[in-house]
Amino acid sequence: MSTYSNNYYTGTMRPAPQRRPLTGEVRADVCIIGGGLAGLSTARELLARGRSVVLLEAARVAWGASGRNGGFVLQGWSEGLSAIERRCGKQTAASLFKLSLEGVDIVRQTIAEHELPGCAPTTGKLSVVRYEDSDNLQRTRDRMARDFGFEMEYLDTAAIRSRLNTERYFQGLRDNHGFHFHPLNYCLGLAELVEIQGGTIHEQSPMLRVEHKTAGHRVSTAHGAVTCADVVYCCGGYGGPEFGPLRRAFLPIATYVVLTERLGERLRDIVRTPDAVGDNRRASDYYRIVEGDRLLWGGHITTRNLQDEQRLGQLLTRDILNVYPQLHGLKIAKAWSGLMGYARHKMPHIGPLGRGQWACTSFGGHGMNTAPVGARVVAEAICGETDRYRLFDAYGLEWNGGPFGPAAAQTVYAGLKLMDRFQEARSHSNN
């Protein structure tokens, strides 16, 4: 039986009842496959529109990436805006950016409206660069305000280093719209809201197959089945071959997070801001303070999920000390990993897969704002309200490379890391 992994979030989680597996035959307007943030958000959006919903989760609610990530809720997508503009044009890129902001607002408003406990939202995120790039950052700030109506604060080297006591960072941009929080408690709160609204959640109920019937679909598990008009796939990085063409369109990519011991004044002397922090590396370091004097630090991506807690602790300790050598001798309290679903185009799969079948998945490490708004877009489509899913027409089910996909992705990542090191070494040699 799948249980929650041992990490910071599960150690500080609100009570979570075990929900019974599906048994027997049931009916609903919509069957949602996957009980992470996307599936829970989709259920709420559909229930608010009067649809009946049964949600099937293979393990526990928010057991996967939704409940063990960095906890950043920020504007944008995994793919950069410039690349979205090149592929979709300026108008669609602007609409997609606006959609990403809506996703941030959905989460913030849900926490406030329902007073969800244990979420601890904290506003602010610093995006820092590890080499001299002041002119480009100021141009980015100006472009975001001009083209997207989004204000960011530029911080020069002195301002950044007054907040983050390290010579690794040169400049940064501050986002005062986004926030960071406890993602597992948020998802557990969503699950309760789904049930209050009349939805049904079955844990330990992996989908085995979906059969297409004249009047809809039949979704089978080991001990039961759901007959429904619509199916929404929200499988994330843990989806298997039973997801068919959708599974062949994303790669499960592993990422890693650690929680330090309590660091007391040592931490307060070097991280002098409550903001979350992320750097501009291709697979960035990202971190934030939790419990007042602990660092929750994430980074590294691989196509093979490393499970050795001691090795993960050593890997990320090296990253922490590279930025903050003042923390030499720190100890890691917990280390964990998780799988994200990444499409080759780095955008989510949001939209129809066939008659009465929908995708809301592949959020690629940027899902805490995009999954909730993706859920809203899919619910609107199912209920005939809008066709906002057409904003994602340019991002279909591109083949992930099959057995060669993970090796190719790892090779690309290795090349990007070399580029990072070259740029950073050049900047430090000039200082």
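Helices here are DSSP runs of H or I with at least four residues and strands are runs of E with at least two, both numbered from the N terminus. The model is predicted, so local features need pLDDT of at least 70 and side-chain atom pairs pLDDT 80 or more, while totals for chains, interfaces and linings use all residues. Residues count from 1 along each chain as its sequence is written, and side-chain values use heavy atoms, with hydrogens and water left out.

**View A. Gln 204 sits in the loop between β7 (200–202) and β8 (209–213).** Its phi is near 50°, a positive value in a residue other than glycine. For background, most residues other than glycine have a negative phi.

**View B. Glu 115 lies in the loop linking α4 (90–114) and β4 (122–128).** Here too phi is positive, about 50°, and Glu 115 is not a glycine. Glu 115 is exposed at 66% relative accessibility (exposed is over 50%, buried under 20%, partly exposed in between, with a 1.4 Å probe and protein chains only).

**View C. Arg 14 is found in the loop between α1 (8–11) and β1 (24–33).** Arg 14 is buried, with 13% relative accessible area. Setting aside neighbours within four places in sequence, Arg 14 is in contact with Pro 117, Asn 185, Leu 188, Gly 189 and Glu 192 (contact means heavy atoms within 4.5 Å).

**View D. Leu 81, Ser 82 and Glu 85 of α3 meet Arg 143, Met 144 and Phe 148 of α5.** By class, this contact has three nonpolar, one polar and two charged residues (nonpolar: Ala, Val, Leu, Ile, Met, Phe, Trp, Tyr, Cys and Pro; charged: Asp, Glu, Lys and Arg; polar: the others, Gly among them).
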